[in-house]
Amino acid sequence: MKQLFTMTAKLLLFIPLLCCHKDALTSNTPSREYFPNTVGDSWEYDVYDSSVVRDHPNFPRGYTVKLVVTGIQKLVDGKDATVWQYQYPWGNDTNFVRIIDDSIKVFDAVYSREPRNLDFPRQMFLPPFQVGKRWDGKLLYIDSSRVMNRSNIITPTQTFPDCFDIYHHYLGPNLEYNDHYWFKPNIGMTRISYNQYTLGFYIVVLWQLKKYSLH
């Protein structure tokens, strides 16, 4: 009986610690980093997919995606990149992120298997951002981005003031992307709008930040 009482007391002491830890993970506290990229950082998005033809038609058009920086991995060139795991209702996807000098380079799991792939990041950002700043990406044909303006982003859960609207335009054979990324310093992407024409199909997807946990 005494042993049972001791175990119960220890459990009761441990429960508040768990509760405090859980609260810390959902506190929506901004990061110390301008572009958060630390292992353990996470974001959760409400996503709405209004594409004409969808990859996963058996799932509803509205769903939740959790994004977690899960670790650090060496790519084929032997250099480190952080691992960004996207947790969809139908499975996971992975990107790799590198911050080199003033460049943020994003690679996906497919186009990172050969050294030459690393010359062509899928996305590229040049912080710190300011209205009017522009840059060219590394993809073939037309791959350009520019900071359009700053605006308040209102999501179903909260308002993010003074977000940079980064417009990305890519034009290639049977491909055209007209995407917008709204970035809040020390938080990350608060809204993403994908408007893409790919091999005869239109992809229209809206991501809105729901909550986040950052270092």
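In the predicted model, Glu44 stands opposite Lys66 of strand 2. Strands here are DSSP runs of E, at least two residues long, numbered from the N terminus. Strand 1 (residues 42-49) and strand 2 (residues 62-74) run antiparallel and are joined by seven bridges. Two strands count as paired if DSSP finds at least two bridges between them. Strand 2 is also joined to strand 3 (residues 80-88), by eight bridges, and this pair is antiparallel. Here Leu67 has Tyr86 of strand 3 as its bridge partner. Strands 2 and 3 form a hairpin with five residues between them. In the turn, Gly78 has a positive phi of about 80°.

Gly172 has Leu175 of strand 10 as its bridge partner.

Asn117 lies in the loop between strand 5 (103-108) and strand 6. Its relative accessibility is 16%, so Asn117 counts as buried (under 20% relative accessible area, 1.4 Å probe, protein chains only). Beyond four places in sequence, Asn117 touches Phe107, Val110, Tyr111 and Ser112 (contact means heavy atoms within 4.5 Å).

A search of the whole structure finds one cavity of 30 Å³ or more. A cavity is a set of points on a 1 Å grid over the protein atoms alone, where a 1.4 Å probe fits but cannot get out. The largest cavity holds about 90 Å³ of space, a volume being the space filled by probe spheres set on the points. Its lining residues (an atom within 4 Å of a point) include Met124, Asp143, His168 and Tyr181. Strand 6 gives the largest share of this lining, three residues.

The mean pLDDT is 89, and 88% of residues reach 70 or more (pLDDT is the predictor's confidence in each residue, from 0 to 100). Residues 1-26 stay under 50. For this stretch, the model has three contacts beyond four places in sequence.

Residues are numbered from 1 along each chain as its sequence is written, and side-chain values use heavy atoms, leaving out hydrogens and water. In this predicted model, local features need pLDDT of at least 70 and side-chain atom pairs count only at pLDDT 80 or more, while totals for chains, interfaces and linings use all residues.

Notes: Helix = DSSP H or I, 4+ residues; strand = E, 2+ residues; numbered from the N terminus. Buried < 20%, exposed > 50% of the residue type's maximum accessible area, 1.4 Å probe, protein only. 1 Å grid on protein atoms, 1.4 Å probe; cavity = no way out; pocket = protein on both sides within 12 Å on 5 of 7 lines; lining within 4 Å.
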